[in-house]
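This note sets out, point by point, what can be read from the structure shown below. It is intended for a reader who has the sequence and the coordinates to hand.

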Amino acid sequence: LSVPVTIVLPSCTSVDSSVVESLAAQIQAAGVGSPVVADASPIQNPTAAEITLLVALAREASARGVDFRILHPSQGLIETLRHLRLDREICLSPGTLP
Amino acid sequence: MSDHDNEMLDLFVQESTEHLQTLEADLIALESDPSDADRLNRIFRAVHSIKGTAGFFGFSPIVNLAHVMENLMSVIRAGEMVAGPATISRLIAGADRLALMIGAPANADEIPHAAEIAALQEILNKEKPPAAAPSKPAPGTPASSSETLPSELDDFEISAADCLPGLRGGQNFYIIQVSLDEIEALGQTISGFFNELASVGTILDARTISDSTPGLQSGAPARLSCSILFTTQLESGILIDAFGLPAASVLPVPRKPLGDWVRDRGAAGPAVVLTPAADRTIVPANRSVALTEAPAPEVTELHSMPRRRKIEETVRINVSLLDQLMNLAGEMVLGRNQLVRLAEAQAGSQVEGLRSAVQEISAVTSNLQGTIMRARLHPVGSLFGKYTRVVRDLSQKLGKDIALEISGDEVELDRAILEGLSDPLTHLVRNSVDHGLEQAAERESHGKSPRGTVRLSAAHLAGRVQIEVADDGRGMDPAKLKSKAIEKGLVTPEQAARMADNEALQLIFAAGFSTAAQVSDISGRGVGMDVVRTNIEKLGGHIDLQSRIGLGTRIIIRLPLTLAIVPALIVGSRGQRYAMPQINLEEIVRPDADNPLRIFGGAEVLKLRDELLPVIRLASILDPGALKESPSSSFVLALRLENLRFGLLVDEIMSTEEIVVKPLGRHLNAIPFYSGATLLGQGEIALILDPAGLAHGRISTTQAALPNSKTLALTRTVDAGRVLVFTDGSAERFAAPLTAITRVEQVRREHLERIGGLLCLRRNRATTLQLLRLADFLPVSTPGDLPEEFLVLVPKEPHSHAGIVATGIVDSTDLPDAALDDTTLNAPGVQGTAQLLDRLTIVLDIPGVCATAGIGLPPALESATLSLTTA
């Protein structure tokens with residue numbers, strides 16, 4: 001069993017290019033088939049930047065065959081993902097569904 | 001069918017009937033303002049509701065007709081065509097047919113309606129040819145973008161079923177493309193934006209799109225946009241404004257190709273009924289489009305319709321139940337009255353609390369009957385509304401340009417009266433349109449507007465409701481009415497000759513009377529007006545008619561507010577009890593030695609504060625042979641009747657009671673003094689007095705309430721043939737046409753002055769009234785000296801600076817043209833003589849009198865006349 005790599009998603013105020021690059025590097029390092037869990041607890045009412053980052057990470061992971069999941073999503077995040085139909089694209093960790 | 005089903009069916013019929021009523025009025029109004037979006041939506045919803053609920057019950061003929069009407073309405077609503085008179089007419093015809101079918105829904109298939117469907121479909125085909133044979137765009141015309149689906153639609157994951165509710169509901173479809181940054185720029189969270197959208201429509205699907213795919217390595221994730229497939233009733237402009245979206249971000253999805261798209265995606269189940277703009281019955285390709293076979297709406301949708309009914313604060317009550325309640329309340333009032341009498345008889349007995357209990361019951365009873373009565377009242381507008389259709393149809397049929405003006409439609413009447421009023425009003429309106437109003441060319445030749453007007457109004461007046469049907473048409477010629485009546489054998493030539501113009505006008509109420517040269521399906525058979533009068537009188541009402549040649553006709557109907565229970569004063573006269581409705585009663589006055597009844601101008605009057613109130617005696621009216629002496633304790637009821645105020649002398653005042661009005665039997669019905677009968681608390685019957693009937697012919701307008709200013713403006717409309725009969729102290733009687741007199745002034749002799757041999761009355765600092773004594777200018781006997789008080793008849797302009805002296809007013813009466821003898825007495829200022837009020841009377845020519853007396857025109861008018869003459 002692979003031990004999931006947990007990355008902590010930053011809140012929008014701390015998203016800059018270095019953070020994004022760091023997160024991208026962590027996904028790349030995970031390797032194909034490895035799980036990466038993104039701790040989304042800092043994100044309560046997701047902003048455009050946070051959703052954009054989340055989608056970018058998910059797509060990066062998908063492109064690299066990494067099993068990318070969201071951990072501790074807030075109700076606001078779940079709702080927003082559903083509105084944008086991103087719940088089809090981004091997986092939530094088991095047990096996080098309401 | 002179970003009771004529940006029957007109940008549901010009744011509900012359908014009631015609802016659909018109400019929808020049809022508003023539908024008809026809205027369709028007619030739409031004709032004058034085809035762009036009224038609210039009205040268009042209302043019409044559409046009405047038809048849609050009828051169709052939907054009819055489908056629920058499986059009344060497919062109703063569904064089929066409503067469906068094609070709905071199709072046409074949606075084309076109009078989408079702005080793809082303008083509803084012209086022809087289209088409106090066909091929609092109205094469709095609504096008529098729907099009404100018939102809804103009246104007997106189970107047998108709706110037996111009512112022919114194919115012609116209506118075909119007529120409506122013809123318009124639809126012209127406006128929007130069927131998809132099978134699309135018309136080619138004109139060369140150079142760009143292909144309409146509304147006819148193609150945006151390619152973005154393919155990106156959404158939707159099924160045909162997702163689109164069906166929106167298509168059926170006539171909603172608009174949009175693809176909204178907006179970046180997440182733009183949403184934030186609107187001050188919204190993403191979630192909040194979606195929630196707001198969902199509050200005004202349905203989000204069918206959404207997807208996110210990356211503007212580019214640079215990847216995370218660049219350190220800047222690609223911007224995300226979302227694309228939303230959205231359906232709503234809102235128009236795109238409103239949507240853009242409401243959400244502050246960039247205009248380019250809202251992409252309309254045309255409904256017709258969307259319908260095709262849904263069909264191509266293979267919407268399962270019954271054929272899809274599209275209600276929006278380009279709606280068509282979409283059927284499988286191997287079936288031809290046949291609107292007459294429009295399928296019933298989806299059961300799942302329709303099952304919910306009646307259940308979706310909002311729980312309202314009103315309930316429907318059968319009218320017969322209200323009638324029963326009213327009758328019971330009437331009986332209860334009578335019982336209460338008897339109980340009150342008994343309680344009064346028990347006064348002083350040992351029955352403790354009886355009086356207060358009776359008072360309590362009395363109050364509750366009054367409250368109860370008042371509440372039930374209010375429940376029976378209904379705005380007269382519900383009746384007036386149907387005449388927009390009547391006038392519209394008739395004006396089209398007769399080729400006349402007619403406007404119907406309605407006022408006072410909020411006035412409420414007992415629904416029994418409203419029901420009874422429907423047919424008479426229809427007759428009157430049809431008569432006005434058919435006979436009263438002229439063709440446009442004829443109107444223009446008389447200097448009138450080519451558009452004729454019919455006015456339908458209702459107003460509260462002296463406790464009654466007055467309804468008027470007036471037109472500005474050709475009016476009625478009394479001479480023609482007379483000759484027609486002679487021709488039809490209704491009157492003899494001698495009777496006609498004696499008839500005043502007013503009486504001649506009444507001839508139209510005679511059975512079999514019609515002046516129409518040709519009998520049409522509209523009117524002219526002579527069976528209308530007598531039925532009208534009979535019906536109005538059955539309702540306790542009164543009908544009156546005024547007409548001026550060339551100016552129009554006005555028919556006035558006065559109706560009681562309700563037929564049921566009214567407060568009344570019980571009075572006694574010669575030992576009999578009568579009920580006087582309090583609505584007409586202003587006050588009760590007791591003449592005494594300080595203020596006795598006096599004779600003024602030949603009539604009895606009572607000085608009431610600063611007015612002279614003409615008084616008539618109830619005993620004398622009911623028994624003309626009765627002695628004139630008043631009992632020592634008589635009372636004068638000051639009564640108000642529209643603009644007429646007079647007193648009624650009665651012997652006793654008994655009590656006040658709420659009386660239950662019962663109609664008079666046919667033997668008493670013709671007596672004008674009574675409006676009904678009632679049962680009093682003691683159990684005896686009392687006749688209800690009708691003040692109008694009592695005053696008729698006894699109180700002239702000149703007698704009614706001489707005001708403090710001692711001038712009396714003749715406010716009532718006077719007829720050309722009406723004259724004021726007066727004396728001037730000589731042996732002769734004179735008559736002055738009311739049309740030539742502006743007012744009557746009461747003058748004291750001490751106020752007269754003689755200037756240069758002229759008798760003058762100073763009126764104010766600047767003007768004087770020159771008084772004329774007829775004996776000075778006419779060949780009549782010498783009058784005596786002027787009494788202390790006398791009257792002055794002031795002619796109309798331009799001779800209003802003169803006044804003709806009168807010592808007494810006899811009465812006003814009609815002067816038939818035929819009654820005038822212009823040969824016996826031929827003198828300047830005299831029209832002739834006539835037998836009026838049993839006396840030979842000299843009929844004056846007022847301008848002639850003034851000219852003979854040397855009364856010229858006022859200086860200003862004289863110079864104007866001169867300059868015109870010299871020019």
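The points below treat the basis of the model, the chain contact, the cores, individual elements and the salt bridges.

1. Basis. This is a predicted model, in which local features need pLDDT of at least 70 and side-chain atom pairs count only at pLDDT 80 or more, while totals for chains, interfaces and linings use all residues. Residues are numbered from 1 along each chain as its sequence is written, chains are lettered from A and ligands numbered from 1 in the order in which they are written, and side-chain values use heavy atoms, with hydrogens and water left out.

2. Chain A. The secondary structure of chain A consists of three helices and four strands (DSSP runs, H or I of at least four residues for helices and E of at least two for strands, numbered from the N terminus). Their order from the N terminus is β-α-β-α-β-α-β. Of its 98 residues, 48% count as buried (under 20% relative accessible area; exposed is over 50% and partly exposed in between, with a 1.4 Å probe and protein chains only).

3. Contact between the chains. Chain A contributes 26 residues and chain B 25 residues, contact meaning heavy atoms within 4.5 Å. The two chains bury about 2000 Å² between them, 58% of it on carbon and sulfur atoms; this is the accessible area (1.4 Å probe) that two parts lose on being put together, summed over both. One salt bridge is counted between chain B and chain A (a side-chain nitrogen of Lys or Arg within 4 Å of a carboxyl oxygen of Asp or Glu). It joins A:Arg85 and B:Asp205, at 3.3 Å from N to O. On the side of chain B that touches chain A, β2(B) supplies the largest share, seven residues.

4. Nonpolar cores. A nonpolar core is a set of buried Ala, Val, Leu, Ile, Met, Phe, Trp, Tyr and Cys residues joined through side-chain atoms within 4.5 Å. The largest has 46 residues, of which A:Ile51, A:Phe68, B:Ile176 and B:Ile228 touch the most other members. Helix α2 (residues 48–63) of chain A gives the largest share of this core, eight residues. Apart from it lies another core of 45 residues, including B:Ile417 and B:Leu481.

5. B:Ser227 is placed in strand β3 of chain B and is buried, at 1% relative accessibility. Beyond its neighbours within four places in sequence, its contacts include B:Phe156, B:Asp205 and B:Arg207. In helix α20 (residues 529–538) of chain B, the buried residues include B:Met529 and B:Ile536. The buried residues of α20(B) pack against α15 (415–436), β12 (542–548) and β13 (552–560) of chain B. B:Gly540, with a positive phi near 80°, follows α20(B).

6. Salt-bridge network. B:Glu24, B:Glu31, B:Asp96, B:Arg389, B:Arg392 and B:Asp393 are linked in a network of salt bridges. B:Arg392 meets B:Glu31 at 2.5 Å, N to O; B:Arg392 lies in helix α14 (residues 381–398) and B:Glu31 in helix α1 (residues 3–32) of chain B, so the pair ties together parts 361 residues apart in sequence. B:Arg392 is buried, at 7% relative accessibility, whereas B:Glu31 is partly exposed, at 24%.

7. B:Arg389. B:Arg389 is buried, with a relative accessible area of 12%. It forms a salt bridge with B:Asp96, the closest N and O atoms being 2.2 Å apart, and another with B:Asp393, at 2.6 Å. B:Arg389 and B:Asp393 are four residues apart in helix α14 of chain B, and therefore separated by about one helical turn.
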